[in-house]
Amino acid sequence: MNIDWASLGQVFGVSLVVTVAMVGVFTLGIVGTSRKPQGAGDGAAGAAAATTAPTTVARTGAYACFALCAAAVGYGIYLIVA
């Protein structure tokens with residue numbers, strides 16, 4: 001039995017990089033959905049209205065991160081089934 005160590009090393013390296021990247025992207029999604037408007041707790045309506053746009057951008061980016069994670073999972077399932 002011969003083991004192709006170079007190929008095994010390549011598979012390990014790619015798996016490690018993709019795993020770390022997916023965990024990082026998912027973490028960015030969690031951080032993006034947990035952002036709250038800056039003036040949400042102090043009762044200042046003007047401050048809350050002024051910070052709605054950055055919160056919306058963060059939430060949209062978070063949903064994009066989750067979609068990227070779902071696409072990676074779907075692609076992995078496609079590779080296994082096909």
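Residues are classed as buried when their relative accessible area is under 20%, as exposed when it is over 50%, and as partly exposed in between, with a 1.4 Å probe and protein chains only. The structure is a predicted model, in which local features need pLDDT of at least 70, side-chain atom pairs count only at pLDDT 80 or more, and totals for chains, interfaces and linings use all residues. Residues are numbered from 1 along each chain as its sequence is written, and side-chain values use heavy atoms, with hydrogens and water left out.

The chain contains three helices and zero strands, and its elements follow the order α-α-α from the N terminus. Helices (H or I, at least four residues) and strands (E, at least two) are DSSP runs, numbered from the N terminus. Confidence is expressed as pLDDT, the predictor's own score for each residue, from 0 to 100. The chain has a mean pLDDT of 86, with 80% of its residues at 70 or more. Helix 1 has the highest confidence, at a mean of 95, whereas helix 2 (residues 45-50) has the lowest, at 54. Where pLDDT is low, the predicted coordinates should not be read in detail.

The unreviewed UniProt entry carries the annotation "transmembrane region" for residues 12-31 and 61-81. UniProt positions are given in the numbering used here, feature names are shortened, and annotations may be inferred rather than shown by experiment. Residues 12-31 are 100% helix and 0% strand, with 28 Å between the end C-alpha atoms. For residues 61-81, the corresponding separation is 30 Å, and this span is likewise 100% helix and 0% strand.

Of the 82 residues in the chain, 12% are buried. Cys65 belongs to the buried class because its relative accessibility is 16%, and Cys69 is also buried because its value is 12%. No disulfide (a pair of cysteine sulfur atoms within 2.5 Å) is found in the whole structure.

Met1 counts as exposed because its relative accessibility is 97%. Together with Ile3, Trp5 and Leu8, Met1 makes a nonpolar surface patch of about 570 Å². Patches consist of residues with over 30% relative accessible area and no salt bridge, like charges being joined within 9 Å and nonpolar side chains (Val, Leu, Ile, Met, Phe, Trp, Tyr) within 5 Å. A salt bridge is a side-chain nitrogen of Lys or Arg within 4 Å of a carboxyl oxygen of Asp or Glu.

Technical notes. Accessible areas come from the Shrake-Rupley method with a 1.4 Å probe; for residues, only the protein chains shown count as cover.
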